[in-house]
Structure formats: structure tokens, C-alpha cells
Amino acid sequence: MRRMKTFVTAAILALLLIGIHPLRGDAASDPSGVTIGSASDVVGATPGAPSADDIKNMAASEPLAVKLADVVGHNRIAINMVWVLFCGFLVMFMQAGFALAETGFTRAKNAGHTMAMNFMVYPVGMLGFWMCGFAIMMGGSGGAASIGGGSALANEFTINLFGKDFGLFGSTGFFLSGSAYDAVIFSMFLFQMVFMDTTATIPTGAMAERWTFKSFMIYGFFISMFVYPIYGNWVWGGGWLSTLGKNFGFGHGVLDFAGSSVVHMTGGVAAVAGAMVLGPRLGKFNKDGSPNAMPGHHIPMALTGCFILAFGWFGFNAGSTLAGGDLRIGVVAVNTMLASAGGALSSALFMWFRYGKPDISMIANGFLAGLVAITAPCAFVNSVSAVGIGVIAGILLCYAVFFVERKMKLDDPVGAISVHGINGAWGMIALGLFADGTYGDGLNGVAGPVKGLFYGDGSQLAAQSIAVVTNIIFVFVVMYAFFKILNKITPLRVAADLEENGLDMAEVAVNAYPEFNINR
Amino acid sequence: MKKIEAIIRTHKLEDVKNALTVAGVQGMTISHVEGFGRQKGHQEIYRGTEVKVSFVPKIKIVAVVQDAMLEKALTAIVDNAQTGKVGDGKIFVSDVAEVVRIRTGERGEVAI
């Protein structure tokens, strides 16, 4: 315990030292937001927009136009920033969706503890991301031009391999201080943070009903500070996976529009590692390995949670344009909802034909699986593909639940591994298959729209496959080692008699349902 | 004085209660219970895995009646709780040694 405290104190001090290193702010950073958005943000905004030369040349002959260009540029940035922030708020609300879905699908005696993990992951993840996660992930990203700049995020640690630069992690933005104290960068932080927290909350589902709150909190800091940001940097922060196109001709490099791999695979693979180290709930598996069903205690709560997730997903996917003025947002939103419908319907029909009844808990999982699978390709596919991706996701989900339970012998109370891990991978592959060439010109520094295998380009699929393999290896190895080591320092699992009685009072000092007689 | 413990289907409670009241039974206590008889519960499937539901929810009615009232009460229960299908329930009758009305302290049959 003392060793833990010393280590944590030392780590925080070290990060503080790194954080205050850029003691003076960058001249380009503007915490007030007053100078953000100007005439230069009009340049190239639309196909018919003025060029930089146009504006320079007009200064003498049309002074009013130049002043108006300044306001127009400001408003363009404002629309985009408002869009990004609002969508970020929607994604934040998904935390409630996860909390209700997980608690509804697990037992009443643990409801307080399950809700508590989903609640606490928000502040813990946020603070970890604020301390160093955001800096590692986006510190070298170059900012986001659509919401006004953020160019202070210009430090990416790279290594040189095969004659090309491989970005590994960023190093600007610790504690959102120094040059990171900027209105644009703060907006970026909010948007990125809520995505990170979606990842952080996924393993709480697979590890519910037997995880100690203390080790969960330590996990929350670890995943938000290091694991999520590093892979996130590789795909979204300008790192080596995103430059596979520019450097080696693999399509547009790895594309993951809203995070099938960055968010959902990372969460799902971490959940596998955690569930393996933690072990199944008592009574889940018999001595001969056959599983026992442990029904959730509150189906209305669980399904409401799934609806809240679907609602937040509009922010998740459509917000990832990072621009309200990017009018692909309607296509993105519709593809998102269509995939959810496809997933729900296919999982319903699957269970109906296989077991005679449409099991609503599987349908809810299939609904989410469709959403996870469309998260990467949502901006690049047409509606028929979106429905198809969702339909396949729903069927994959059902098979995955059986595979995880019966073959891998892992206890996943809410299906998190099957929803997020398996279908996150499917979403990445689906992009490489179904991208139809109607969007994406210039992404990751590669000219031309994004095309998948079925539309004439197999190199995008290659990039996507590299990302899937990289994510599985990186996240599993790191998280498995982390959980194993953590288990030696403080037990991951609650004591057996505590688990039989329910975790609520012992772990989080409350009973979820004190006035009710509940089964224990 | 006799104690009647009747285990019946949950949705038959209103019918049985009304019939007992009409028959002259003044009061009763109910509890929510689970159990099985020769019905032995039933099989369900949750997420592709069998759930063996051994215990089926039932309602237990406890009523204490005068000896003269017993047959009328039993008939009221059986007629209204019956569906003809396995799981209709059972009635247990036992002797009661003493009854006390707490408000007044009365004892015996007058306290029922």
C-alpha cells in the first residue's frame, strides 16, 4: 500500500514537471477564443471560396469584403466548434446509457457497484486524460483546422523505419497547460475525452459483479493515461497507422471515422484481458464447463440504456466530421441509425429461428453491435451497405456470445466483448470492403475519395487489417500484463463470501435497493 | 379452530379473496412465495443457455376459521383457484391452539 502511494505520488510529480515544461504559452494559443476564426478560415472552405491571394489582393479595393470575410471565417469556425461540442455532450450522455445497460443486465445485489463503476469511470478517465492521455494522443496531431486551429499540438515523437517517419506518441498538452490553454484545444479535449471514456467503460461490463472497486479505479487511470491514447495517436493523432497511405500506399492509411478500433476494439480487447485474469462469476460455469444463465435484473433499465446509447451515437458518429459545415453529417447519421436497425433485426431473427423466441437481451446487443460496426465506415458507405453491415453485425454478435461463453469459457455478463471487440474489428474490415468513393478526399494526406475492395481498391482493406491486428496485439499484451501485475499488488477479485452476498454495501457503502427483498 | 394455508396461482388471488369474503371468512394474510410440486418448475432459455427455473412464483393465503366454516372456505378456494392444469396449488389444514385479538385481548373463537 505504501509502495503504491509512493509510486502514484512520484508519477504525478513527474507528469507535473513535464506539464509545466512549456512555461510560456505559444503565441498562436488563445484561451479567450477572441482571435480564433478569421478571414484565413474562409480560404478553401467551399469549392467557390476565395483563395489566400484573393483576400490579400482585395484588401485595397474591397476593404468591406475583407472585413466581412473575417466575420464569415469566425462564423464558419463557430458553427463547427458548436457542432463538435454539442456532439461531445451527446457522447458524454452515453455514460448514462452504459450505466443503465450494464446494471440492467446484471443482478440486483450488485446494482450499486455496477452503477458506481460506470459513474466513477467518468471523473477518473477524464482526469487521467487531462493529466497526460490527451497530450500523448493528440500532442502531435497538428490540431483541427475545422474548429479554428490548435496548431500548438505540434510535437509528435517519431522514429524512422524503412526510410519513413513512424509517429508513436505526442508530447504537448499535459494538464491542458502552457500552449494547450487554447479554446480550440480545449474543445478538442472535450470531444476526445468522451470517446476515451466510452472505451474505459466497456470492460466494466465484462468484469461486472466480481471486480474490486479499488483495482477498477487504478485501471481507469491506466487506460485513460496510456493505453487508449497510444493506439489513438497511431490512428487519429497523426501516428504511424494513419500515415500508412502516405508512406506505403495502403489506401488512405488506416481510417476509423468515429472509432470502431480506437474506441470499441480497444475496450473489447481490454475486456477480454480483464475477464481472463478476473475469472468467471461464482456459479457461472459447472465443473464440466457447461455455463449457467444468470439473467439480468431489470430489463426496462437495460433497454432504456441501449436507447440512450443509440441517441448518443448520433453525436459519436456525426460529430466525428469535426465540422457542422461538412454536410456529409446527414449521411453519417442515417447510416448510423440504419446499421442499428439491421443489427437488431438480424439478431432477433437469428434467436427466433434458433431458439423459438426473440430474446430481447440479444436483440439489444445486436442493436449495439450494428452501431459499433458502422462506427468506422459510417462516413464512407451508402445506405444499403450500412444496413448490410448492421445485419452481419447482429449475426456475428450472436455467434460471438456463444463463442466467448462456450469456447473461450469467459464470463461476460453483458456481452461487452461480443458487442465491442468482435464488431469493432468487423467495422474496420467493413470500411475496407464497402467504402464507395463518395467521400474522404485528402484524408490522412492522400488525395481522392475513399474506396473499398468492392469499389475497386484493395489497399484500403490492407490498411484496415493492419490496424485490427495491431490493436489486438498491442491492447491485449499491455492490458493482460497490467491486470496480472495489478492483481499481485491488490486483488482484482472480491472475496468469495462477499461475492455471494452482493458487492454493494461492502464495496461502495450503499445498497441499491435497501427496501426490497432481493435474491442473493 | 383451523388454519388454512392455501398455495395458489398468483393471478387467482382476487377471485379467491372475493369468494372467501362472500363465504364469511373475515380476514386473511397473503405472502409472495416460490415453490414447486410435481410440476417441478420448467425450462427457459436465456441468451442461448438453459435456465432451470425450479421455483415458480405463487401466492400463499393463510386464514384461520371456526371449525364450522372450514368446508365452506375450502370449497370457495378450490372452486376459484382451479384451472385444471398442473400447478393449481395445494391447501394444508392444521389445528390452531389459540387465537388472540391484540386490540382487545380477546381469546378463542371470538377473536377470529
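Q: Angles under 35 degrees count as roughly parallel, over 145 as roughly antiparallel, 65 to 115 as roughly perpendicular and the rest as oblique. At what angle do helix α8 and helix α14 of chain A pack?

A: Two packed helices are described by the angle between their axes and the distance between the axes. In this predicted model, local features need pLDDT of at least 70 and side-chain atom pairs 80 or more, while totals for chains, interfaces and linings use all residues. Residues are numbered from 1 along each chain as written, with chains lettered from A and ligands numbered from 1 in written order. Helix α8 (residues 260-278) and helix α14 (residues 459-489) of chain A pack at about 40 degrees, their axes 8 Å apart. The pair is therefore oblique.

Q: Which residues make the contact of α8(A) with α14(A)?

A: Residues are in contact if their C-beta atoms, placed from the backbone, lie within 7 Å. From α8(A) they include A:Met265, A:Val269 and A:Ala273; α14(A) contributes, among others, A:Ile472, A:Phe476 and A:Tyr480.

Q: How many residues does the contact take from chain A and from chain B?

A: Chain A gives 10 residues and chain B seven residues. On the side of chain A that touches chain B, α11 (360-375) and α12 (383-407) each supply at least two.

Key:
Axes fitted to C-alpha atoms, helices over the stretch in contact; angles between N-to-C directions. Helix = DSSP H or I, 4+ residues; strand = E, 2+ residues; numbered from the N terminus. Contact = placed C-beta atoms within 7 Å.
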